[in-house]
Amino acid sequence: MSGVRSPFPRAMLTRLETGRIVVLSLLLGMLVGGLGIVLRVVLDLVLPWGAWLTGFSPPGPPGEGGLLMAFGDALPWGLLFLPFIGGLYAWLVPAEPGAPYSQLVRGYHARGQWPDVWTGLRTLLATVIAHASGLLIGRDSAFVMVGQIGTRLLGRATRLDAVESRTLMLAGAAAGLGTALHAPLAAAVLIVEILYRRFEFEFEVLMPCVLAAVAAYAIYGLGFGFSPLLSVVGAQLPAAGQVPLYLLLALIVTLLGWILLFAARVVPSAWTDGWLRPVLGGLFGLLTASIALLSAPGVLGDGLGWLQLGLNGFLSERVMEVAVWRWLLLALGARLAFGGGLFPSVATGGLLGVGLGMGLGLDPAVSGLIGATAFLTVTLNVPVGAALLAVAWGGDTLLPLVLVAAGMAHFLSGETGIVPGQVRSRAVSGAHATPTFAPLPDTVRFMAPRSPAQPAAPIPFDAPADGTASEGAAPERELYRRAVPGGWQGTKLHLVSLPPGVEIVGIVRDGTVRVPRPEMRLTADDELVFLARPQAYAALEGLLRLPGA
């Protein structure tokens with residue numbers, strides 16, 4: 001039986017498929033960059049209202065036009081709104097699917113089962129309101145959510161298969177984070193690293209994340225400039241005699257971060273995940289208001305402005321008081337989705353580093369960046385991304401020291417974190433799991449999924465361990481698994497036209513294999529299991545590779 005082959009060489013098809021991801025990543029980055037400009041305008045409008053409500057305006061990072069000084073005094077009547085806003089936030093952001101980073105991580109490991117656009121918009125609204133009111137919510141969370149929404153919008157404009165959808169969702173999040181950090185390369189590494197608790201990456205999607213983040217920052221920078229988010233001037237590699245003191249500082253911050261991970265478990269998950277969640281959110285808002293009124297108004301906001309003052313050496317010895325209060329709030333609010341982004345961890349760790357550096361007689365800029373690197377590594381399990389972020393803000397001269405601090409923190413911190421949904425490694429991720437099938441007849445074998453970037457013949461599922469071929473004749477039929485072609489998405493199964501000798505015997509949906517029904521409608525997240533002879537399946541692949549298929 002002769003198969004129908006594509007008129008294009010295999011190498012050309014591979015380049016076309018790779019080029020599609022490149023183009024989509026760039027388009028997505030441009031889209032997210034434009035949405036980031038809109039979000040920045042919205043934040044610039046609502047933040048003054050939050051300051052008017054609480055009577056206090058904390059300092060802001062210079063890269064976002066913030067002023068390096070605080071204004072006003074915390075007003076008792078204004079702070080009374082924080083319990084209400086805390087309860088509202090906890091209600092709008094339930095434990096499932098969680099805050100923006102949790103949605104991204106959980107959705108990826110669930111093979112692309114992300115919440116719908118309306119859930120994303122509700123999460124974005126809650127994040128903006130909570131951040132503007134001064135609660136422990138970083139503005140980076142809002143930008144990451146915008147990146148995920150941008151991917152959903154792109155998916156409505158063009159057909160994406162399951163692999164493209166998962167890849168571009170991470171790329172969109174990297175694009176949003178890149179605009180928030182003013183550091184697109186660090187943002188791309190952070191997104192592919194935050195998925196796992198240990199030292200593993202989604203290296204296949206790193207380049208799409210880089211392209212999207214760079215494109216987004218290019219568009220965003222046209223509107224608001226390209227200055228670094230934090231300005232660190234004159235940071236130098238410490239002398240050899242000071243290196244042990246900086247490593248001691250990193251060790252202490254690592255220990256504090258490790259204790260925080262255990263303190264975050266004090267509140268039972270049955271409380272934080274159930275009907276008490278809004279009540280606990282209100283109590284968190286009340287605690288924040290009480291600390292701001294009675295002790296340290298510096299707990300209001302995500303803390304980046306305070307960190308900038310600390311890096312410049314403008315904070316007094318009370319910096320440790322603010323850092324400890326922020327540590328406490330982060331520990332109590334982590335399970336309620338408070339402080340789950342990058343900025344709260346960066347600010348808390350940085351302020352701890354500045355305070356400890358003052359006691360040890362160290363440079364506040366280097367101490368703050370070392371503390372931020374170690375603390376972010378512990379809480380989010382992102383050693384490489386944390387080191388790159390510190391270098392993006394402090395300069396390349398700090399690279400050796402921050403790499404050592406990040407590596408030490410990651411080695412000592414274990415496998416916990418404050419981002420729900422992280423898994424230990426790629427081996428246990430649902431995104432890389434292979435569906436299991438019932439025992440197959442001797443004349444049938446299962447072929448692993450075919451990747452567009454690797455069109456070579458896959459290895460049989462039941463091949464001998466030593467790699468030798470089984471005795472006897474080759475099997476007549478084989479099982480193949482592939483993503484739903486773009487032209488089939490939205491089509492009912494009985495309307496799909498197949499070449500002779502090819503049939504659909506299973507549909508992989510939500511990580512399980514389902515029996516095909518004639519009225520089932522195929523989606524972009526599905527994968528199909530075909531039963532066919534090799535030549536017949538080759539004919540199908542040739543047809544699907546034709547333009548317009």
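Q: In this predicted model, how many of the ten residues of helix H4 (residues 100–109) are buried?
A: The structure here is a predicted model, so the answer comes from computed accessibility. Buried means under 20% relative accessible area. By that cut-off helix H4 is mostly covered, and the count of its buried residues is nine of ten.

Q: Which residue just after H4 takes a positive phi?
A: Helix H4 covers residues 100–109, so the place to look is just past its end. The phi there is about 60°, and the residue is Arg111.

Q: Which residues does Cys209 touch, not counting residues up to four places away in sequence?
A: Leaving out residues up to four places away in sequence, its contacts are Leu170, Ala171, Ala174, Ala188, Ile191 and Val192.

Q: What is the angle between the planes of Tyr220 and Phe224?
A: The whole structure holds eleven aromatic pairs. In one of them, Tyr220 and Phe224 have ring centres 5.3 Å apart and count as tilted. Both residues lie in helix H9 (residues 206–224), four residues apart, about one turn of the helix.

Q: Buried or partly exposed: which describes Tyr220, and which describes Phe224?
A: Buried means under 20% relative accessible area. Tyr220 is at 0%, so Tyr220 counts as buried. Phe224 has a relative accessible area of 26%, so Phe224 is partly exposed.

Q: What kind of aromatic pair do Trp258 and Phe262 form?
A: Both residues lie in helix H10 (residues 243–263), four residues apart. Trp258 is partly exposed at 37%, and Phe262 is partly exposed at 39%. Their centres are 4.8 Å apart with 70° between the planes; planes over 60 degrees apart count as edge-to-face, so the pair is edge-to-face.

Q: Which residue has its charged end over the ring of Phe224, and which lies over the face of Phe262?
A: For Phe224, the charged end sits 4.1 Å from the ring centre and belongs to Arg40. For Phe262, the distance to the ring centre is 4.9 Å and the residue is Arg265.

Q: Which residues of strand E7 (residues 527–532) are buried on each side?
A: Strand E7 is mostly covered, with six of its six residues buried. Both faces are covered: one side has Glu527, Val529 and Leu531, and the other has Leu528, Phe530 and Ala532.

Q: Which residue in E7 is the bridge partner of Ile504?
A: Strand E4 (residues 477–483) runs antiparallel to E7 and is joined to E7 by six bridges, with Leu479 partnered by Leu531. Strand E5 (residues 502–509) also pairs with E7 in the antiparallel sense, over six bridges. In E7, the partner of Ile504 is Phe530.

Conventions
Residues numbered from 1 in each chain as written. Predicted model: local features only at pLDDT ≥ 70, side-chain atom pairs only at ≥ 80, totals over all residues. Heavy atoms only, no water. Contact = heavy atoms within 4.5 Å. Buried < 20%, exposed > 50% of the residue type's maximum accessible area, 1.4 Å probe, protein only. Helix = DSSP H or I, 4+ residues; strand = E, 2+ residues; numbered from the N terminus. Phe/Tyr/Trp six-rings, centres within 6.5 Å; stacked < 30°, edge-to-face > 60°. Lys NZ or Arg CZ within 6 Å of the ring centre and 35° of its normal. Pairing = 2+ DSSP bridges.
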